[in-house]
Amino acid sequence: MKRTINKVIAALALILASMSLSSCNYNSLVEDQQNVDQTWAEVENQYQRRADLIPNLVNTVKGYSNHEEETLVKVTEARAKATSVTINADDLNEENLARFQQAQGELSSALKSLLAVTEAYPDLKANENFMNLQTQLEGTENRITIARRNYTEAVRNYNTAIKKFPTNIYAGWFGFTAKPQFKAEAGAEKAPEVKF
């Protein structure tokens with residue numbers, strides 16, 4: 001009788017310890033997932049800030065150049081495409097992130113073309129409004145870099161947590177799945193060629 005009671009107590013202690021561990025792991029995973037969602041929202045926020053600056057930049061350039069219509073149209077179209085590709089934090093997966101990253105990359109490329117064209121217009125480069133917009137755009141690009149780095153770190157922590165034992169068991173039970181990371185843009189592995 002005493003042995004049976006000891007076995008029941010041991011079994012109950014094991015069940016309670018297991019429940020306690022799963023509760024702690026579950027709560028940690030929820031916190032990590034919320035951190036990923038929050039950092040993703042900041043990535044989107046910074047890309048939206050950039051998209052909001054572009055119409056003013058295009059209009060400023062347009063006022064100085066009637067000959068660059070094709071470049072201005074490309075920037076406007078790339079902006080429209082980039083702002084149409086949004087991802088809810090719950091829908092973050094490799095495919096959706098790749099689509100988002102491609103649209104943002106096309107916009108970055110169009111902006112580089114626009115800024116390169118402005119070199120031919122000294123009056124535009126000296127325009128205070130243009131210089132202010134260019135400075136804001138530079139600052140926003142830096143904010144995007146920081147937001148992406150923070151997202152990458154949050155995803156790394158979360159993905160590591162759901163793969164560690166014994167948390168990986170609980171993660172599977174509660175539906176925690178890996179989140180995607182940003183990938184380097186095509187051609188990023190090649191150093192730019194500088195010619196003098």
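Modeller: A salt bridge here is a side-chain nitrogen of Lys or Arg within 4 Å of a carboxyl oxygen of Asp or Glu. Bear in mind that this is a predicted model.

Colleague: Which residue forms a salt bridge with K81, and at what N to O distance?

Modeller: K81 lies in helix α2 (residues 69-84). The partner is E106, at 3.0 Å.

Colleague: Is R50 buried or exposed?

Modeller: R50 sits in helix α1 (residues 2-64) and pairs with E141 of helix α5, 91 residues apart. Buried means under 20% relative accessible area. R50 has 0%, so R50 is buried.

Colleague: How are α3 and α5 oriented to each other?

Modeller: Helix α3 (residues 94-117) and helix α5 (residues 128-163) pack at an angle of about 150 degrees. Angles over 145 count as roughly antiparallel. Therefore α3 is, relative to α5, roughly antiparallel.

Colleague: Which residues of α3 make that contact?

Modeller: On the α5 side, the contact uses F130, Q134, L137, E141 and R148. E141 also meets R50 in a salt bridge. From α3 come Q101, L111 and L115.

Colleague: Which residue does E94 pair with?

Modeller: E94 lies in helix α3, and its partner is in the segment after α6 (167-174). The closest N and O atoms are 3.2 Å apart. The partner is K183.

Technical notes: Residues are numbered from 1 along each chain as its sequence is written. This is a predicted model: local features need pLDDT of at least 70, side-chain atom pairs count only at pLDDT 80 or more; totals for chains, interfaces and linings use all residues. Side-chain values use heavy atoms; hydrogens and water are left out. Axes are lines fitted to C-alpha atoms, for helices over the stretch in contact, and angles run from 0 to 180 degrees between N-to-C directions. Helices (H or I, at least four residues) and strands (E, at least two) are DSSP runs, numbered from the N terminus. Angles under 35 degrees count as roughly parallel, over 145 as roughly antiparallel, 65 to 115 as roughly perpendicular and the rest as oblique. Contact means heavy atoms within 4.5 Å. Buried means under 20% relative accessible area, exposed over 50%, partly exposed in between (1.4 Å probe, protein chains only).
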